[in-house]
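Let's take a look inside a protein model together.

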Amino acid sequence: MKMFVVFVILVHVSPHASAVEVYDWDPFVLLPCESQTFELDEPSVVWSRYDLNPSTVHQRQQEGDELKDQNQLYSSRTSMKTDALETGDLSLNLTKLHLSDSGSYTCTVRGFSRGIERELRVTDVHLQVKERFPSWAKALLVLLVLGLLVGALLVHFRQYFMSVYQVEVDSGAESVQLPCKTTVRLPKDAKVEWRDGEDWKVHVYQNGSDQPEEQDSEYRGRTEMKRKLLEPGDLSLTLKYPTNWDSKTFICTVYNREGDILMEKQVELKVKVHQVEVDSGAESVQLPCKTTVRLPKDAKVVWRDRYYRKLHVYRSGSDQPEEQDSDYRCRTEMKRKLLEPGDLSLTLKYPTNWDSKTFICTVYNREGRKLMEKHVKLKVKVCEVEVEEGEESIQLPFITTPDLPEDAKVKWVCSIRTVHLYENRSDQPEEQDQVYKDRTEMKKDLLKTGDLSLTLKHPKETDTGEYWCRVNNKDGDRLRGKTVKLKVKGNIRNRSSSTDPTPLMADQSV
C-alpha cells in the first residue's frame, strides 16, 4: 500500500497592519491589500474575520469568486477586481455598511509552490464603521424634514428656488470661487453657513465676522469670504488649493436670528485631475506640481501613491531618502531649492506599467497642517513587442536604474511558468520551465548596468502572452517590475504542422 504525505507550510510573517475609518452613510469602503501571486500555482486569496463563525468574508480563486463558505452577514456585499490575482491588487470592496462591520479583517494568500501548499498572511486591516448621527438624532431629523415639508405646503409664498451652479477647476490651482449672490438685503444679524454634501462645515459667518472654530479641520485655513459680505449680498466662498477630494456639492445657507432659512443655494464643484501619459521604457516622466505662492522655508513636501507609500520626501531643505518606499528608491528627483520658485514637480525614473496610478503631492507647514495638495494621474502604456514565428530571437526590453543590490533576484514569468531566473549572481536554468529550456538569455553584469532585458530565442506562436519581470531583494521586497506583451505571428502552414503540445498561454492570467 502506497502512502502519500502532503506537506502544508504556513508562512507566518509580521503582516502589514492598517486602520480604516468610515461612516455608516458611506456607500462603500475599500480594504487595501497588495501582493503578487504569480509565483504560486492555483493561487487564491481569502479575506477573513476570525471573530465570526464562519470566518470567511470573501474568497477569490483563478476561476472567480468562491463564496460557498462565506459568512451570510456579507452576502451580496463584497467584491474584488476580476484581475486581482493577475495584478496583485487584492483589495476588498465592502458595500451597504453596518456598525457591526467594525472589526479586524485579514488578507491571506494561498497556493502551491513546487507541490507544497503555502499560506501567507499579507495584511490586517482594522475597520471602524462610525455612526454619523445617533438613532434618536436620525428620527428627530426625519420629523424636522417632514415638518418643513408640511410648512412649505401651507405657507407656499415662502418657497424659494434653489439654483445649482457647476464650477470646474484644475487640481493644483491656487483657488476656486463658489458663487452665491442675492439681490435681497439681508439682516445684519444673519448667519451664513457653507457646508459640503457630507454636512461638514466649510465656512461660518456670524455676528459680523468669520467663525473658524466651527470649521471642519479639512477646510481650516483654506476658505475666505468678503468683508461686510451682507451689504453687497455677495456670499461667494473662495476655496484654496482644491483637490479631487473637493469634487462634491457645496451648500450656502442663510439663517435669520431665529434660525429660519432665508435662502439656500447649491454649487457643484468638479476638480479635474491632471493626467500624464508616457511609454513604458521611457527614461523618466515628470509629475507636475507648481504654485506661485511662496512657501515657508520649513515646509515639508511629501509625494505618495494611492496606497500611501511615500515616493519622495523633502524636509528641512533636503531630500529624505530613508523615508521612501523601496519601490521608488533611487527613482525620484526634485529640483534644488524647490520652495523658492514653487516648482514641486517630481521626476520619476524608468516608469513601468506598475506605476500607472494616482500620485499625490502634499505640502505641510511646521505644525503639520496641510497647506496645499495636488493629484496627478499617471498612465504608463504597456510595452508591446511583435515578431514573426521563425525569427532567430526577440528581445523583451526592461531598462532600469543601475547598481541594483548584488543579492537581488530577477525573475521573468509567463502565466505560472518560470521563463528565466537570475539569482545568487548567476542564471538558474534548473528552475526554468521546460518550454523555455535553452531558449533564453540575459546580459552579463545586468544588476550593475540595470539592463534586465530578456532575449527569447526561436519564438513560436505559442509563446504569445504577457511576460512579467520582477526584481526582489534578499528579504523578498519588490524593487522593480515590468510587464511586456509579446505577440508571435504564425501562419496556417506552421500551425498545422506544429507538434508542440504546449497550449497557447496568451489568455491565461496569474
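## A serine on the inside

Ser48 is buried, as its relative accessible area is 3% (buried means under 20% relative accessible area, exposed over 50%, partly exposed in between, with a 1.4 Å probe and protein chains only). You'll find Ser48 in strand 4, residues 41–48 (strands are DSSP runs of E with at least two residues, numbered from the N terminus). Who are its neighbours? Leaving out residues up to four places away in sequence, Ser48 touches Ser55, Val57, Ser104, Tyr105 and Thr106 (contact means heavy atoms within 4.5 Å).

A quick word on where this comes from: the model is predicted, so local features need pLDDT of at least 70 and side-chain atom pairs count only at pLDDT 80 or more, while totals for chains, interfaces and linings use all residues. Residues are numbered from 1 along each chain as its sequence is written, and side-chain values use heavy atoms, with hydrogens and water left out.

## The cysteines

A disulfide is a covalent bond between the sulfur atoms of two cysteines. Here, a pair counts when the sulfur atoms are within 2.5 Å, and that rule gives 1 disulfide. Cys33 and Cys107 make that bond, with their sulfur atoms 2.3 Å apart. It ties together distant parts of the chain, 74 residues apart: Cys33 is in the loop between strand 3 (28–31) and strand 4, and Cys107 is in strand 9 (residues 103–113). The torsion about the S-S bond of Cys33 and Cys107 is about -75°, so the disulfide is left-handed. Both Cys33 and Cys107 are buried.

| Residue | Relative accessible area |
|---|---|
| Cys180 | 1% |
| Cys469 | 0% |

## The empty spaces

Rolling a probe the size of a water molecule over the atoms shows where empty space is left. On a 1 Å grid over the protein atoms alone, a cavity is a set of points where a 1.4 Å probe fits but cannot get out, and lining residues have an atom within 4 Å of a point. Grid points are joined across faces, edges and corners, and a volume is the space filled by probe spheres set on the points.

How many cavities of 30 Å³ or more are there? The count is 2, and the largest cavity has a volume of about 110 Å³. Its lining has 13 residues, and the closest to its centre are Asp327, Arg331, Trp354, Asp355 and Arg478. Strand 37 (residues 478–489) gives the most to this lining, with 4 residues.

Definitions and conventions. On a 1 Å grid over the protein atoms alone, a cavity is a set of points where a 1.4 Å probe fits but cannot get out, and a pocket is an open set with protein on both sides within 12 Å along at least five of seven lines; lining residues have an atom within 4 Å of a point.
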